[in-house]
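Welcome, and thanks for taking a look at this one with us.

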Amino acid sequence: MKIHYRCEQCGQAIDTLEVNVLNETKLGFDVLSPEERQQLIYHDPISDTLYVQSLCDMCIEAMGLEGQNTTQAPLPKPVLH
């Protein structure tokens, strides 16, 4: 299974992982509420690919979130770029 991470603020691709077994705890998905999962994770059953919205390092820095837990619900989308 492929997992594609994309920044929800600027839209840049962050990374792509390929895993044989999906370990939600190892990937941090276990801390998300059902609503957050619905907002941040999309599974394409045809290609067996997960698309995950996250924040890239540039946007984390621009938003002043360094050192904070960024796995919580998304913030409103400010104009950054």
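Predicted model: local features only at pLDDT ≥ 70, side-chain atom pairs only at ≥ 80, totals over all residues.

**Confidence**
- Averaged over the chain, the pLDDT is 84, and 81% of the residues reach 70 or more.
- Please take care with residues 75–81, where the pLDDT is below 50. In the model, this stretch has 14 contacts beyond near neighbours in sequence.

**The strand pair**
- Strand 1 covers residues 2–7 and strand 2 covers residues 13–18. The two pair in the antiparallel sense, over 5 bridges.
- To see one of these pairings for yourself, find Lys2, whose bridge partner in strand 2 is Glu18.
- Strand 1 and strand 2 form a hairpin, with 5 residues between them. In the turn sits Gly11, which has a positive phi of about 85 degrees.

**The salt bridge**
- The structure holds 1 salt bridge. Arg37 forms this link with Glu24, and their closest N and O atoms are 2.8 Å apart.
- Arg37 belongs to helix 2 (residues 34–40) and Glu24 to helix 1 (residues 24–27), so the pair ties together parts that are 13 residues apart in sequence.
- How exposed are the two partners, Arg37 and Glu24? Arg37 is partly exposed, at a relative accessible area of 27%. Glu24 is partly exposed too, with a value of 33%.

Technical notes
Residues numbered from 1 in each chain as written. Heavy atoms only, no water. Salt bridge = Lys/Arg side-chain N within 4 Å of Asp/Glu carboxyl O. Helix = DSSP H or I, 4+ residues; strand = E, 2+ residues; numbered from the N terminus. Buried < 20%, exposed > 50% of the residue type's maximum accessible area, 1.4 Å probe, protein only. Pairing = 2+ DSSP bridges. pLDDT = per-residue confidence, 0-100. Contact = heavy atoms within 4.5 Å.
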